[in-house]
Amino acid sequence: MKRIISLTVMNRPGVLNRITNLFSKRNYNIESISVGLSEHEGMSRITCVIHVENEKLSEQITKQLNKQIDIIKVTDITDQAIVARELALIKVQSNPQTRNEIYSLIEPFRASVIDVSKDSIVIQITGEFEKIEAFVELIKPYGIKEMARTGTTAFPRGTQRHVNQKTFSIV
Amino acid sequence: MVREAALTEMKTDTLTGADLLISALEKEKVEVIFGYPGGAVLPIYDKIYDSKFLHILPRHEQGGIHAAEGYARISGKPGVVIATSGPGATNIVTGLADAMMDSLPIVAFTGQVATSVIGSDAFQEADILGITTPITKYNFQIRKLEDIPRVIKEAFYIASSGRPGPVLIDFPKDIASSLTKQPEEQEMNLPGYQPTVKPNFLQIRKLAEAVSRARKPVILAGAGVLHAKASHELLQYAEQQQIPVIHTLLGLGGFPANHPLFLGLAGMHGCYTANMGLSECDLLINIGARFDDRLTGNLDHFAPKAMVAHVDIDPAEIGKNVPTLIPIVADAKAALTALLTQTDSPPDQKDWLKQLQEWQEKHPYHYDEKSETLKPQQVMEMLFSKTKGEAIVATDVGQHQMWAAQYYRFNQADRWVTSGGLGTMGFGLPASIGAQLAEPGACVIAVVGDAGFQMSTQELAVIQELNLPIKIAIFNNQSLGMVRQWQEFFYESRFSHSKIPVQPSFVKLAEAYDIKGYTITNAEEAHEILDEVLHNREPVLLDFRVDAEENVYPMIAPGKGLHEMVGVKE
Ligand SMILES: Cc1ncc(C[n+]2csc(CCOP(=O)(O)OP(=O)(O)O)c2C)c(N)n1
């Protein structure tokens, strides 16, 4: 199963290394990890998307992360109401014949073209992981020359509808 | 005039980074340092020259950190290590991993090349932070002079609080030698580190109720009891509720072995009663043990009938290997103290105690006592009885380690030093040095195999130099005994590289270090020589020529459950 874990960490040298190290040491499978500044000075927010076999393992991951001295807060937000976004830059082959077709795909996805050259265009798309996957599938036949994705970044919505919220700060 | 001079002194740069390091160590009340100099730590060593610490020079950095581990285990205080950059730093890696596995507080300083050349593959540069991140509780690199006092305070705090562990501080050479003035006091800044010590009341209630309903309860006590200095509370609680106690390898001594409620050591080479106690119990109270695989055997068969409660200061250990119904995140002492105040009626476990008693009588450890050859178990029994069970025993890794755990019956806490989690050969001899330094008056026995001893022989020099009265007992079976045993059991006795036909004379080797040595080939000699040397306050090396074919029993084969022991006395 897929879990989205949100971390608040001290902005210190080596902190990312500690986290990736922990994932490889404990044999956890990461899909993506995105890092950036947070609302607090000196602290960063990291969003990890991981695949685990069962609930027990995902609980173990949160606990192991919690043990890290540079990590201030760990929340498994998978089962919360969240906003989750990923950004992808995709360079697609295009010529005057296919260009219009590609534009018509872009529109419903609210993607945009941010660079055009003789034989390719660069598309920028943001959205949830699944939306980007769907778009990539559609655009593939035209020939993807390069792609860069940021991985998911996420946090809980302002209002939580359901109460199946999970906290792992044990007892 | 004087005042003015003092003022200018304070304002000008008169202190080096190394000075700040020394005064921070003094503040932490460090008494002993295990260190080995080299280029990158020369500025530090120049200050150590005038300091009051007892500085021990091991003959290999690995020996230094194992000695620090022995010191930490017995004294309860962090063991302090210094190594130079590059090879000095990589030589302590095994010890850091060992201390991490066995939760021992260590503060290790490594020299580092100057900040201006870090990352350039400079002479004796190693990325020791990168190397040690997975095997330390935390590590630092000093970047600014003014951070030194705070970082060292944090390092000692992290190493010794919560679940203890090793902390490394990487110290670039230029920072150790550049000048500064007395920096302003900085508070510790560890918002992400708040170990839970006090137990949750509701969980304590749950456990107390479960205990009172139990018919077949047992306590499994691990080294968490020793780290928390909770053996007194453990004894009180076990007696109050009449619950039998089982120990893990590292927990030995937490509960007196001569107590009627003590069942013994559990695990791969544990005794019948302890392993069956775990297999048959209906309530398993784990206090400060981590359900290591050498203890549990195959998890599918582990404590199949039990409701599991687990007290641990590290929440990540709870539920990691064994599903746990009652999790209690707390220090063992705080949890036991809380349990002692509960007023539920004790469990009705008379039949259970009777059953355990029967097992104890029927299936004790056993060996051929009539054998002509000297049996290792027999030697261990002698060491035990001739020291009245009061010695500090530091072991290496292998068969002799298991026999020590089985036959040396500890009645007190903090008499047992062994490498459990990592199983590091070469640990025993240097660890005994640290233990002796922690308790200069104690009788310390280093129990080692002939192979593991040769991984640390060079440390005899430290014993000689300081005239440490350590009794080095080599269980000489001319083989890598434990490996030989596994090959006998699981590889059709194809003894691939597990026999050592050619050995040095250990007695002559001892003599080279001015240490008395004896070769002992039979029980009579053993009695005679032990009576003569055990109470002398000088080092001695005893080369016991023990039966080379002897195996450790009982044994649980890998993949088997605890109830599937072989070699039990019938
Ligand atoms: C550093 C290291 N290398 C290898 C091993 C694997 N190993 C475990 S026990 C053992 C044999 C130890 O032989 P010895 O020291 O003579 O003790 P004995 O088992 O004979 O009592 C070996 C090689 C280990 N535990 N540690």
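Predicted model: local features only at pLDDT ≥ 70, side-chain atom pairs only at ≥ 80, totals over all residues.
The rule finds 1 salt bridge across the interface of chain B and chain A, along with 10 residue pairs in polar contact, both residues of each pair being at pLDDT 80 or more. On the side of chain B that touches chain A, β6 (138–141) and β14 (326–329) of chain B each contribute at least two residues. By class, the residues on that side comprise 11 nonpolar, 9 polar and 5 charged.

The contact involves 25 residues of chain B and 21 residues of chain A. About 1,900 Å² is buried between the two chains, with 55% of this area on carbon and sulfur atoms. Y138(B), G192(B) and A316(B) account for 26% of the area that chain B buries against chain A, more than any other three residues.

Within chain B, the domain assignment gives domain 1 (2–180), domain 2 (201–362) and domain 3 (376–545). The centres of domain 1 and domain 2 of chain B, taken over C-alpha atoms, are 38 Å apart. Their contact takes 8 residues from domain 1 and 7 residues from domain 2. These two domains bury about 700 Å² between them, 53% of it on carbon and sulfur atoms. Of the area that domain 1 buries against domain 2, 62% comes from R73(B), D102(B) and R163(B), more than from any other three residues.

Across this domain interface the rule finds 2 salt bridges and 3 residue pairs in polar contact (both at pLDDT 80 or more). The side of domain 1 that touches domain 2 has 3 nonpolar, 2 polar and 3 charged residues.

Technical notes: Residues numbered from 1 in each chain as written. Chains lettered and ligands numbered in written order. Heavy atoms only, no water. Contact = heavy atoms within 4.5 Å. Buried area = accessible area lost by both parts, 1.4 Å probe. Salt bridge = Lys/Arg side-chain N within 4 Å of Asp/Glu carboxyl O. Polar contact = N/O pair within 3.5 Å; in protein donor to acceptor, adjacent residues only side chain to side chain. Helix = DSSP H or I, 4+ residues; strand = E, 2+ residues; numbered from the N terminus. Nonpolar A, V, L, I, M, F, W, Y, C, P; charged D, E, K, R; others polar. Domains from an automatic or database assignment.
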